[in-house]
Amino acid sequence: MPLGKDGRLTLYARTDGGLLRWTQRSPGGEKWDGPDFVSVAGLTDLTVVQGANTYVHFLGRRERHGSDGPSVDFVHAIQYQTGRPVTEWRSLGNFYRDHATGRKVGAPAGAVDPQGALFVFVRNAGRGLQMRREGKGGKWEAWQDLKGAGLAAELVPTVTSSGLVEVFAPTDRGVQQWRQEEPDGPLQIAPPLQFSALAGSATALETAPDRLTYYWTDADRTGVVSYREGGGPVPVGGQPGDGAVVALRTPLDGYDCTVLAQRGAGGTLLIGVCNTEGEQDGVWWSDTTEECVGDPALALDGHGRVVVALRRRDGTLSVARQEEGPGLTLSSHWHRLP
């Protein structure tokens, strides 16, 4: 849920033939406008990334059928202001010329550095990592092969507060990472980590200047794990199902806290709260009992309150927000979006 300069949140969801968009009517308000439909034929996957300038970037994997058979390319568009039209979708091509090999690529993931340059990452047919970066003046550089092997389909790129890009990717044998040593520098592959993460479950959160904490579901689904460089994985509990752990950082009762959300094993939304970088002291989990299909979304609204969004089995989206009270108290009434 990107937050615009005007303090309004926006929700996006992929649908047949494109994407749907709901826009908060006023900062921190309960009413939403939408859905607006944005047409993108052949879209199989969609990633939404926001930079420090609040521009929202859309990255998609697109399948097309031409006279020479089916092919795949990657597309990009931008929304510059909340509620405003999306730009024309432009193709970023494919790093394979052969259509059959090109169809084996994964979904794009992205990150935006402090200068507004977009980095696009994709798992290639050999299950290594490819990158394409938007250079200075908006000119795109060529695709680069960053190596790696056995990557899962889901990639987790992040930009730290000083502008360092890092990529975290679960693999068949553990976790692979790439890092910049300096802003705008090359991404270097790091020694692999022998941790077991469920594919599609990982997320990253900056919990101190230039220090990332990663959260993921243990491959055996025994619980959620936290990890920071230099330490070991810390079990933080929960009863996770499939899908991603999502996280944000916010003050609660005067304390710097981390909020986690995930679809639980029972198909309902689980919320966890802990002191930031204090997972070893315990994470307090609660089951909202609200049915949840796929990954939930977390954001802070224009008034700094936590907002949670989820999709129900009937396909509708529902939103709840933080209310006055100790800890993290969500509204008992979930607002269904039209």
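Modeller: One term comes before the rest: a residue is buried when its relative accessible area is under 20%, exposed when it is over 50%, and partly exposed in between. By that cut-off, 53% of the 338 residues of the protein chain count as buried. Keep in mind that this is a predicted model.

Start with the whole chain. The protein chain has one helix and 28 strands. Its radius of gyration is 19 Å, close to the 20 Å that the globule rule gives for 338 residues, so the chain is as compact as a globular protein of that length. The C-alpha trace spans about 60 × 45 × 35 Å along its principal axes. Take the contacts between residues at least 6 apart in sequence: 37% of them join residues at least 24 apart.

Now the charges. The protein chain carries 34 positive and 40 negative side chains. The centres of the two sets lie 6 Å apart. Side chains of opposite charge can pair when their charged atoms come close. In this structure there are 22 salt bridges.

Which residue forms a salt bridge with R61? The partner is E63, and the closest N and O atoms are 2.9 Å apart. R61 counts as buried because its relative accessibility is 7%. E63 has 35% relative accessibility, so E63 counts as partly exposed.

Next comes R179, which forms a salt bridge with E166. Here the closest N and O atoms are 3.1 Å apart. This pair links distant parts of the chain: R179 sits in strand β14 (residues 175–180) and E166 in strand β13 (residues 165–170), 13 residues apart. Are these two residues buried or exposed? R179 is buried, and E166 is buried as well.

R305 and D301 also meet through their side chains, in a salt bridge of 3.2 Å, N to O. R305 counts as partly exposed because its relative accessibility is 24%. D301 is at 3%, so D301 counts as buried.

Some charges join in a network. Salt bridges link R62, R64 and D73 in one.

Most residues other than glycine have a negative phi, and most peptide bonds are trans. R127 has a positive phi, near 65 degrees, and is not a glycine. R127 is placed in the loop between β9 (118–123) and β10 (129–133). With a relative accessible area of 28%, R127 is partly exposed. R221 also has a positive phi, about 60 degrees, although R221 is not a glycine. Its loop runs between β17 (211–217) and β18 (224–228). R221 is partly exposed, at a relative accessible area of 45%.

The peptide bond between G34 and P35 is cis, with omega about 5 degrees. P35 belongs to strand β3 (residues 32–39).

Last, a loop residue. Where is T54 found? T54 is in the loop between β4 (43–50) and β5 (56–66). T54 counts as buried because its relative accessibility is 18%. Leaving out residues up to four places away in sequence, T54 touches L3 and K5.

Conventions. Residues are numbered from 1 along each chain as its sequence is written. This is a predicted model: local features need pLDDT of at least 70, side-chain atom pairs count only at pLDDT 80 or more; totals for chains, interfaces and linings use all residues. Side-chain values use heavy atoms; hydrogens and water are left out. Helices (H or I, at least four residues) and strands (E, at least two) are DSSP runs, numbered from the N terminus. The radius of gyration is taken over C-alpha atoms; the globule rule is 2.2 Å times the number of residues to the power 0.38. Buried means under 20% relative accessible area, exposed over 50%, partly exposed in between (1.4 Å probe, protein chains only). Contact means heavy atoms within 4.5 Å. Lys and Arg count as positive and Asp and Glu as negative; His and the chain ends are not counted. The place of a charge is taken as NZ of Lys, CZ of Arg, CG of Asp or CD of Glu. A salt bridge is a side-chain nitrogen of Lys or Arg within 4 Å of a carboxyl oxygen of Asp or Glu.
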